[in-house]
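Trainee: Could you show me how to read burial, aromatic pairs and polar contacts from a set of coordinates?

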Amino acid sequence: MMIRAYGMAMLLAITNFFPLTLAQAQTGVPVIRSFSVDQVPQLTPGTELIFRVSGSAGGTVQLDIDGVVSQLGLSETSAGNYEGAYTISMRDKFTYDSKVRATLKLGARLTTAALAQTLLTDAAYAKASAIAQPNPQISRIETRNTGALSGGHEVTFTVNGTAGGAAQVSLDGGKTAIPLVEERSGRYSGSYTIKSRDQFSDVTQALVSLTMADKTTRATKNLANGAVVPVALVEPPPPPACEGCGVVASVNKVKVKGKPNFLGAIAGGVAGAALGNQVGKGDGKTAATVLGAVGGAVAGREIEKRVRTDSRYDVAVTLDNGTTRTVSYEADPGFKVGAKVQFNGDLLQARQ
């Protein structure tokens, strides 16, 4: 009896232990082990974003996405693995650097993790961030020299501006390029030893360029000692696209059969009639004359076509937009391969 009573007590203890363990598991601190997205090349309406979260099992996962008003819930596809998709709509306001946060709730407790990836692919993100980034700024240019601006003396340049760029100084219209080193954040410096052939003076202009990503700011200062607050040079707008512009890709001379005129037919007919007149007697002679005239005319036209062989010139042009257009001439138009040309309607013209 004592053994039976002891066994029942143990059974009750074990039965009471499992619900307690399950409750503790459900109310323990949840964990997000990984959070990822299938990156996309563009964030346009209709694009689908697929998110995945791995963490504590048995919970619920909600995503907060910058530019989206409502939350996105993920489904638990297997123990501890959650997945969901969101299709970008017209009303969403995504940016290239929109942030995403995941919240995993387990019982009364929750944990949050930020998406370390960007929604865009690396290449698309780099392009978008370069476009969004403002132009670099040059706030100060200082020049110092060790004496006269003659051979053997040294000129030093110090430029202050946006940090993290690439700076250089150009002299002589770009013939001499002097790279500057960012010695500390936003401060670039470099030096140049003047050659005896250089023709520098205090009024010689130094062109300073500061580049970040694909954006460049330029400013100038003369070589006289001292510092200035420069005015950035305004880049001229790119020239408008040239419609119908291109380059001659090939010029091919093509032989074509000539178009006969009536002279060959007449000459052939006369010759055929004369020959037919020598054949037969009476009505037969007349018939031979007629047949000879007809056959001679046909033969005369064919001979003339073979003798009068013409040529045409096919000029193929590769246009600036990547397409190819071909125009034919009866005589050599004089265009050479590599020549710059432009279509004016159907007329092909040379351009500078």
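Trainee: Is Tyr192 buried or exposed?

Mentor: Tyr192 is buried, as is Phe200, where buried means under 20% relative accessible area, exposed over 50% and partly exposed in between, with a 1.4 Å probe and protein chains only. This is a predicted model, in which local features need pLDDT of at least 70 and side-chain atom pairs pLDDT 80 or more, while totals for chains, interfaces and linings use all residues. Residues are numbered from 1 along each chain as its sequence is written, and side-chain values use heavy atoms, leaving out hydrogens and water.

Trainee: How many aromatic pairs does a search of the whole structure find?

Mentor: A pair of aromatic rings is described by the distance of the centres and the angle of the planes. The search finds three such pairs, counting rings of Phe, Tyr and Trp (its six-membered ring) with centres within 6.5 Å, and calling planes under 30 degrees apart stacked, over 60 edge-to-face and the rest tilted. One of them joins Tyr96 and Tyr125, tilted at 50 degrees with 5.4 Å between centres. Tyr96 is partly exposed at 24% relative accessible area, and Tyr125 is partly exposed at 28%. Tyr192 and Phe200 form a tilted pair as well, with centres 6.3 Å apart and planes at 55 degrees.

Trainee: With which side chain does the side chain of Asp314 make a polar contact?

Mentor: The partner is Ser328, at 2.6 Å; a polar contact is a pair of N or O atoms within 3.5 Å, where within protein one must be able to donate a hydrogen and the other to accept it, and residues adjacent in sequence count only if both atoms are side-chain atoms. Asp314 counts as buried, at 14% relative accessibility.
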